[in-house]
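Let's take a friendly walk through this structure, from its strands out to its surface. Please keep the sequence and the model open beside you as you read.

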Amino acid sequence: MKDIDVLIEALPYIKNFHDKKILIKYGGHAMVDDDAKSSTARDTVLLKYVGMKPLIVHGGGPEISRSMDKLGKQAKFIKGLRVTDEETMEIIEMVLVGKISTEIVSELIKHDGQAISLSGKDSSLIFAHKKEVKKIDEEIVDLGLVGEVDSINTELLDLFLDNNYIPVISPVGIAEDGTSLNLNADTAAGEVASAVGAEKLIILTDVPGVLRDPSDPTSLIQKIKVDEVPGLIEEGIISGGMIPKIETCVNAINNGVKSCHIIDGRKEHSLLFEIFTTNGIGTMVYK
């Protein structure tokens, strides 16, 4: 009976999200561990077969740093942000577009999903501009070829979605003069989710979600309203690397995405638990 109960619990969610776009941001363990990569790809294909329209945006910071080391290129950071010169940008494109994106597509195809690898440069999919030079703590910060998103070519994405493909998008933008720009993957995922009118944005990470006490995995906050976010940041409950992820969620919701979810990609089938069960598995941000 237990398996039947799971199916019955999932039914209303399958019905509610039928034909809806679900943006999944691949990151962390779900991209580096072979078992997790396979499991996440299989679960993404399952979403497709039960009638949803999944899209993927992926990161790749650790892999980029490893490739730079191999090529004898020293990574440079200012205030925790990667400086991107022309040589670094070439490595970023090589890793994100040439390696990671095609690996994810291969995994999806292995599980009988139709998928296509897209760079943000393809048909001006992600049009962007170079970040302005800023002064932070009396220091002039020029990150080089780092971009901010201006617009998304949703026609291209709809073309693939309507023909049953799962788009796999690398966070590389294109500027007006054709220059490649390095984009923050979480931000790019939020921008794509907003532009296509996604029902959900799901961010796969290596943490259970937002924890009230970082040292206690049982202190997970399951639901956060957008207007509760500033208070949680002020209290220090949302801090460090979680702040940009939550800000991405808030921006996406303010731009029409119904709900955002930060979940633990290390847990098998976390994607399915979050979408198809009442309690979910991570932190949901909503209006």
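## Strand pairing around β2

Two strands are said to pair if DSSP finds at least two bridges between them. In this predicted model, strand β1 (residues 21–26) and β2 run parallel and are joined by six bridges. One place to look is Lys-21, which stands opposite Lys-53 in β2.

β2 also pairs with strand β10 (residues 166–170), again in the parallel sense, this time over two bridges. Here Val-57 has Ile-169 of β10 as its bridge partner.

## A covered strand

How many of the residues of strand β2 are buried? The strand spans residues 53–58, and six of its six residues are buried, where buried means under 20% relative accessible area.

In a regular strand the side chains alternate between the two faces of the sheet. In β2, Lys-53, Leu-55 and Val-57 point one way, while Pro-54, Ile-56 and His-58 point the other way.

Let's move to the surface. Asp-150, Glu-176, Asp-177 and Glu-191 gather there in a patch of negative charge. Asp-150 sits in strand β9 (residues 147–152). Is Asp-150 partly exposed or buried? Its relative accessibility is 43%, so Asp-150 counts as partly exposed.

A patch of another kind is nonpolar: Ile-4, Leu-7 and Ile-8 make up a surface area of about 310 Å². Ile-8 belongs to helix α1 (residues 2–16). With a relative accessible area of 54%, Ile-8 is exposed, since the cut-off for that class is over 50%.

## Two loop residues with positive phi

Two backbone angles deserve a look in your viewer. Ser-124 is not a glycine, although its phi is positive, at about 50°. Where is Ser-124 found? Its place is the loop between β5 (115–119) and β6 (126–130). Ser-124 has a relative accessible area of 35%, and therefore it is partly exposed.

His-269 is the other residue to check: its phi is near 60°, a positive value in a residue other than glycine. His-269 lies in the loop between β15 (259–264) and α10 (270–276). The relative accessible area of His-269 is 25%, so this residue too is partly exposed.

Technical notes: Residues are numbered from 1 along each chain as its sequence is written. This is a predicted model: local features need pLDDT of at least 70, side-chain atom pairs count only at pLDDT 80 or more; totals for chains, interfaces and linings use all residues. Side-chain values use heavy atoms; hydrogens and water are left out. Patches are made of residues with over 30% relative accessible area and no salt bridge: like charges are joined within 9 Å, nonpolar side chains (Val, Leu, Ile, Met, Phe, Trp, Tyr) within 5 Å. Accessible areas come from the Shrake-Rupley method with a 1.4 Å probe; for residues, only the protein chains shown count as cover. A salt bridge is a side-chain nitrogen of Lys or Arg within 4 Å of a carboxyl oxygen of Asp or Glu. Lys and Arg count as positive and Asp and Glu as negative; His and the chain ends are not counted. The place of a charge is taken as NZ of Lys, CZ of Arg, CG of Asp or CD of Glu. Helices (H or I, at least four residues) and strands (E, at least two) are DSSP runs, numbered from the N terminus. Buried means under 20% relative accessible area, exposed over 50%, partly exposed in between (1.4 Å probe, protein chains only).
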